[in-house]
Amino acid sequence: MKGEKVGIIGGGRFGMALAESLAANHVDVTLVDRDWTVVQSLSQSPIRAVFGDATSREVLVNAGFKDMDVAVVSISSSMESSVLATLNCRDIGVKQVISKAESDLHGRVLERIGADSVIYPDRDRALRLAKTLTSKKGVVDFLEVTDGYSIAEVAVPKPLVGKTVIEGNVRREYSITVLAIRRVKDDNSGLRDMIISSGTERLREDDLLIVFGPDKNIDALNA
């Protein structure tokens, strides 16, 4: 997503967390909120914060949403505001509109008026937990990125203990990418260091791997 422009409407917990995560990954982010304190809180942030009400088409145009690759409508407490903001994004020609919904009815309305995708954060968190609890023993946590693909934290499979990621041919054998290793600190604190994997680190039995790839391949890694 680097190089793309993302507009976020609503600086609540979900919208703010999304904006900060994207900005940390060098994505060009503009956030629109009608709460001045939210806008001011981002004055020293790489996030471009704009004060205004997104139910006004003019506010979005002035904020540059016509040039956005993606708009995320993260206001959901008011269905009317959510619907109007989604309509405005669609009307001014945003390439992709993703809207947050609080209920099935809300989601169906958003789909009917042209949202490309509807997300249900609370439901998604519950499904992710269920997926984690019902996944194979070696899977510690899942974060679904898109249908069929996830970032997962997994225990090191026994055949890989003592080997490096390169020696284990993880990418070729399982078609997944090891992003990082979470390793227990040597100070007996029980905390873990995060090691960005170069593929040459020798894996320990108590390491956790953060991997990306198809869900079926992640499951196969711990079969």
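Trainee: Let's start with Arg90. What is its relative accessible area, and what does that make it?

Mentor: Arg90 is partly exposed, with a relative accessible area of 28%. Buried means under 20% relative accessible area, exposed means over 50%, and partly exposed is in between, with a 1.4 Å probe and protein chains only. Before we go on: this is a predicted model, where local features need pLDDT of at least 70, side-chain atom pairs count only at pLDDT 80 or more, and totals for chains, interfaces and linings use all residues. Residues are numbered from 1 along each chain as its sequence is written, and side-chain values use heavy atoms, with hydrogens and water left out.

Trainee: How many helices and strands does the chain have?

Mentor: Helices (H or I, at least four residues) and strands (E, at least two) are DSSP runs, numbered from the N terminus. Here you get eight helices and 11 strands. Of the 223 residues in the chain, 42% are buried.

Trainee: Okay, how do I read one helix? What span does α4 reach?

Mentor: The expected span is 1.5 Å times one less than the number of residues. Helix α4 (residues 79-91) has 13 residues and reaches 18 Å from first C-alpha to last, close to the 18 Å expected.

Trainee: Which residues of α4 are buried, and what covers them?

Mentor: They are Ser81, Ser82, Val83, Ala85, Thr86, Asn88 and Cys89. Their cover includes β1 (5-9), α3 (57-62), β4 (70-73), β5 (96-100) and α5 (104-112). Take Asn88, which is buried at a relative accessible area of 11%. Contact means heavy atoms within 4.5 Å. Setting aside neighbours within four places in sequence, Asn88 is in contact with Ala54, Thr55, Ser56, Arg57 and Leu60.

Trainee: And α5? Where do its buried residues point?

Mentor: In α5, the buried ones are His106, Gly107 and Leu110. Down the axis of α5 they fall within an arc of 100°, so they line one face of the helix; the arc is that of the directions from the helix axis to the C-beta atoms. These buried residues pack against α4, β5 and β6 (117-119).

Trainee: Now salt bridges. How many does a search of the whole structure find?

Mentor: Side chains of opposite charge can pair when their charged atoms come close. A salt bridge is a side-chain nitrogen of Lys or Arg within 4 Å of a carboxyl oxygen of Asp or Glu. The search finds nine. In one of them, our friend Arg90 meets Asp116 (2.5 Å, N to O). Asp116 lies in the loop between α5 and β6 and Arg90 in helix α4, so the pair ties together parts that are 26 residues apart in sequence.

Trainee: What about Lys95: which residue does it pair with?

Mentor: Lys95 pairs with Asp69, with the closest N and O atoms 3.0 Å apart. Lys95 is exposed at 60% relative accessible area, whereas Asp69 is buried at 17%.
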